[in-house]
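Please walk me through this protein chain. I have the sequence and the model open, and I am new to both.

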Amino acid sequence: MAASCLLRRFCSAAAAARSKDTRWERLKNCRVGTWCRSLLGDYKEACREVFVGARERPVKATVYVALVGGIYVCYRTNPSDTSFQTDLLETSNKLALLSPWIRSGTSDGHVQNLVKLRNEGRLRHLSLGLVSLTYVVDFDHECSLYEAQCSALSVPWAELPKRVLDVGFAGRWWALDHKMKDYDINEEEFKHLPPALVATAPPSAQEMERNERLHKESWKPLVVEVEEETTVAMHSVQKEGEITAERKERNA
């Protein structure tokens with residue numbers, strides 16, 4: 001009785017294993033399995049060719065890797081609309097800390113224009129994957145006027161280059177950064193100066209060495225040369241003594 005039960009269990013286990021293998025084989029030999037196997041084989045062959053080609057042509061592979069890496073970095077550092085709003089508020093605060101007499105008119109005018117458009121809700125952000133654009137529109141998106149809601153009266157894409165206010169690339173907004181250069185210098189103070197004084201150039205290496213040498217010499221203690229003065233004084237005293245002696249002899 002026990003032997004028959006053991007035999008039945010063995011036969012059932014063998015049958016289950018045979019049915020399991022049969023199902024796996026059926027899955028491998030069906031259309032989906034064949035397509036998956038061919039797809040994996042193609043990917044395997046493509047990867048092998050990539051590694052072989054990179055070993056045979058390392059310069060070309062390096063250029064491709066650098067290009068792909070640069071594209072990925074540009075994509076990851078592509079500035080968003082939030083970053084533009086943050087930079088705009090930061091630059092506005094920087095200008096607000098300066099007196100109107102010393103802040104740059106170019107920087108102040110550009111930032112004030114952007115702040116005005118932002119308060120009016122007319123700034124738009126467009127992401128192109130690697131580059132972002134900030135442009136201006138005629139109406140706020142919540143405006144209910146007919147001109148703002150009618151698609152036939154919307155601004156065509158051909159006018160987009162004229163409406164672009166800033167370009168974001170590699171984590172920076174280039175137009176805003178360019179306008180904020182020397183934002184604490186008022187150009188109106190120097191427009192009446194002659195051109196020779198307005199145009200400045202960085203000092204050369206010889207001028208820098210000369211300035212450093214003069215600066216170091218200024219630390220030295222002042223030495224007063226009194227040798228010539230002492231000699232002149234001694235000669236004058238001797239002459240006075242001789243004159244006095246002559247007068248005494250004459251009087252005697």
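In helix H5, the buried residues are Ser107, Asp108, His110, Val111, Leu114, Val115 and Leu117. The model is a predicted one. H5 covers residues 105–119. What do the buried residues of H5 pack against? They meet helix H4, strands E1, E2 and E3, and helix H8. The length of H5 agrees with expectation, because 15 residues at 1.5 Å a residue should span 21 Å and the end C-alpha atoms are 21 Å apart.

Turn next to H4. This helix runs over residues 81–96 and has 16 residues. From its first C-alpha to its last it reaches 23 Å, close to the 22 Å expected at 1.5 Å a residue. Phe84, Gln85, Leu88, Thr91 and Leu95 are its buried residues. Seen down the axis of H4, they fall within an arc of 135°, so they line one face of the helix. Which elements cover that buried set? The cover includes H5, strand E1 (123–127) and strand E2 (132–136). It also includes E3, strand E4 (172–173) and helix H8 (174–179).

Step back to the whole chain. It has 252 residues, and 15% of them count as buried. The secondary structure comes to 11 helices and four strands. Take the contacts between residues at least 6 apart in sequence: 64% of these join residues at least 24 apart. The accessible surface comes to about 21,000 Å². Carbon and sulfur atoms account for 60% of that surface.

Part of the surface is a nonpolar patch. Its residues are Leu67, Ile71, Tyr72, Val73, Tyr75, Leu130, Val167, Phe169 and Trp174. Together they have about 840 Å² of accessible area. Which elements each supply at least two residues of the patch? They are helix H3 (58–76) and strand E3 (164–169). H3 gives the most, with five residues. Tyr72 sits in H3. Is Tyr72 buried or exposed? Tyr72 counts as exposed, because its relative accessibility is 52% and the cut-off for exposed is over 50%.

Now look at charged pairs. Side chains of opposite charge can pair when their charged atoms come close. How many salt bridges does the structure hold? There are six. One of them joins Arg122 and Glu120, with the closest N and O atoms 3.0 Å apart. Arg122 is partly exposed, at a relative accessible area of 23%. Glu120 is also partly exposed, at 33%.

Another salt bridge joins the side chains of Asp138 and Arg163, at 3.1 Å from N to O. Asp138 lies in the loop between E2 and helix H6 (146–149), and Arg163 lies in helix H7 (residues 160–163), so the pair ties together parts that are 25 residues apart in sequence. Arg163 also meets Glu159 in a salt bridge, at 3.9 Å from N to O. How open is each member? Arg163 counts as buried, because its relative accessibility is 17% and buried means under 20%. Asp138 is partly exposed at 36%. Glu159 is partly exposed at 32%.

Most residues other than glycine have a negative phi. Which way does phi point at Ala170, positive or negative? Ala170 has a positive phi of about 55°, although it is not a glycine. Its place is in the loop between E3 and E4. Ala170 is partly exposed, with a relative accessible area of 38%.

Asp182 is another such residue, with a positive phi near 55°. Asp182 lies in the loop between H8 and helix H9 (195–198). Its relative accessible area is 44%, so Asp182 counts as partly exposed.

Key. Residues are numbered from 1 along each chain as its sequence is written. This is a predicted model: local features need pLDDT of at least 70, side-chain atom pairs count only at pLDDT 80 or more; totals for chains, interfaces and linings use all residues. Side-chain values use heavy atoms; hydrogens and water are left out. Patches are made of residues with over 30% relative accessible area and no salt bridge: like charges are joined within 9 Å, nonpolar side chains (Val, Leu, Ile, Met, Phe, Trp, Tyr) within 5 Å. Accessible areas come from the Shrake-Rupley method with a 1.4 Å probe; for residues, only the protein chains shown count as cover. A salt bridge is a side-chain nitrogen of Lys or Arg within 4 Å of a carboxyl oxygen of Asp or Glu. Buried means under 20% relative accessible area, exposed over 50%, partly exposed in between (1.4 Å probe, protein chains only). The expected span of a helix is 1.5 Å times one less than its number of residues. The arc is that of the directions from the helix axis to the C-beta atoms. Contact means heavy atoms within 4.5 Å.
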